[in-house]
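Here is a friendly note to read alongside the model.

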Amino acid sequence: MNKIKLSCLIALALLLVTTTNSASAIEKEMTYTRQQQRIIDSMAEKEQQYRAYGDSAPIERDVKSRARAAYGSWSWRDGVICVTDDGVQASSFVNSWHAAIVSPQQYYSVAEAPGVGKKVKFTAGMWVKKNKRVWQVGVKRTSVKQDWNAGWWAGNQKGKPYNSNFWNMKQTKSFYCSQLVWAAYYYTAGVDLDKTDNNLGPAWAIHPGELVDNKETAILYRNR
């Protein structure tokens, strides 16, 4: 192995160790009140409820799609919300789900807050996850333009840091995944997608599953 390849491997290893240690340090610093811990302890049960609804609710035609996409197919319409129960994409220490929103800044991409220690970014490509559930949902009472605005707003948060405080979702200096989606619609269209399932008084928090099991949204796609 030549010196250049060896140097690259060493640099990559150091980067992985640094990233892992950084995330571990943040996790150790997280402390919860008794009320917060009760919500965390009940999260698995809530996730079962979100999943059960997402699997049983009807898939609806996207009436706002200009292309009139095939019934139940993946959509790249701006503002469509994407959710998965994929634990590999865990967006926080509180839950193991993930959410993102289709954004117009880049073709065939979503804006997302990918995880601890990572910044808001664009990710290209349809979500294909074997043995994991994937849903796309649309907000019912918005226009195509409002959905576009929400996707654009989310995309404009690119580069902002991850928000590790589940109950601090009203601020816009940092984001976790479902907070980014919630904020995009709340601050552009005045639509509140928070079901209050995980709120503690004035401290709001939103789980990605709330975006699926929500009277304000319709399921447009489900992978199985």
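The points below go from the whole chain to single residues.

1. **Ground rules.** This is a predicted model, in which local features need pLDDT of at least 70 and side-chain atom pairs count only at pLDDT 80 or more, while totals for chains, interfaces and linings use all residues. Residues are numbered from 1 along each chain as its sequence is written, and side-chain values use heavy atoms, with hydrogens and water left out.

2. **The chain as a whole.** The chain has 6 helices and 6 strands. Here helices (H or I, at least four residues) and strands (E, at least two) are DSSP runs, numbered from the N terminus. Along the sequence, the pattern is α-α-α-β-β-β-β-β-α-α-α-β. Of the 224 residues in the chain, 46% are buried; buried means under 20% relative accessible area, exposed means over 50%, and partly exposed lies in between (1.4 Å probe, protein chains only). Among the contacts with a separation of 6 or more, 67% are between residues 24 or more positions apart, where contact means heavy atoms within 4.5 Å.

3. Find helix α4 (residues 144–155) and helix α5 (residues 177–186): their axes come within 8 Å and cross at roughly 130 degrees. That makes α4 oblique to α5. For the terms, axes are lines fitted to C-alpha atoms, for helices over the stretch in contact, and angles run from 0 to 180 degrees between N-to-C directions. Angles under 35 degrees count as roughly parallel, over 145 as roughly antiparallel, 65 to 115 as roughly perpendicular and the rest as oblique. The crossing of α4 and α5 is right-handed, a term used if the near helix is turned clockwise from the far one by less than a right angle (left-handed if anticlockwise).

4. **Where the two helices meet.** Which residues of α4 meet α5? They are Gln-146, Asp-147, Ala-150, Trp-153 and Ala-154, and they meet Leu-180, Ala-183, Ala-184 and Tyr-185 in α5. By class, this contact has 7 nonpolar, 1 polar and 1 charged residues. Ala, Val, Leu, Ile, Met, Phe, Trp, Tyr, Cys and Pro count as nonpolar, Asp, Glu, Lys and Arg as charged, and the others, Gly among them, as polar.

5. **A covered helix.** How many of the 10 residues of α5 are buried? The count is 9, including Cys-177, Leu-180 and Trp-182. The cover over these buried residues includes β1 (81–84), β2 (98–102), β3, β5 (134–139), α4 and α6 (208–212).

6. **Glu-112.** This residue lies in strand β3 (residues 109–112). Glu-112 is buried, with a relative accessible area of 3%. The side chain of Glu-112 makes a polar contact with the side chain of His-98 at 2.6 Å. A polar contact is a pair of N or O atoms within 3.5 Å; within protein, one must be able to donate a hydrogen and the other to accept it, and residues adjacent in sequence count only if both atoms are side-chain atoms. Glu-112 and Lys-158 are 46 residues apart in sequence, with their C-alpha atoms 8.4 Å apart in space.

7. **Glu-210.** Look in helix α6 for Glu-210. Glu-210 is buried, with a relative accessible area of 0%. A polar atom of its side chain lies 2.9 Å from the backbone nitrogen of His-207. Leaving out residues up to four places away in sequence, Glu-210 touches several others, among them Tyr-50, Leu-193 and Thr-196. Glu-47 is 163 residues from Glu-210 along the chain, and their C-alpha atoms are separated by 9.1 Å.

8. **Gly-54.** Helix α3 (residues 43–56) holds Gly-54, which is buried, with a relative accessible area of 0%. Not counting residues up to four places away in sequence, Gly-54 touches Trp-135, Val-212, Ile-219 and Arg-222.

9. **Two positive phi values.** Most residues other than glycine have a negative phi. Tyr-108 has a positive phi, near 55 degrees, and lies in the loop between β2 and β3. Tyr-108 is exposed, with a relative accessible area of 54%. Thr-196 also has a positive phi, of about 70 degrees, and lies in the loop between α5 and α6. Thr-196 is partly exposed, with a relative accessible area of 48%.
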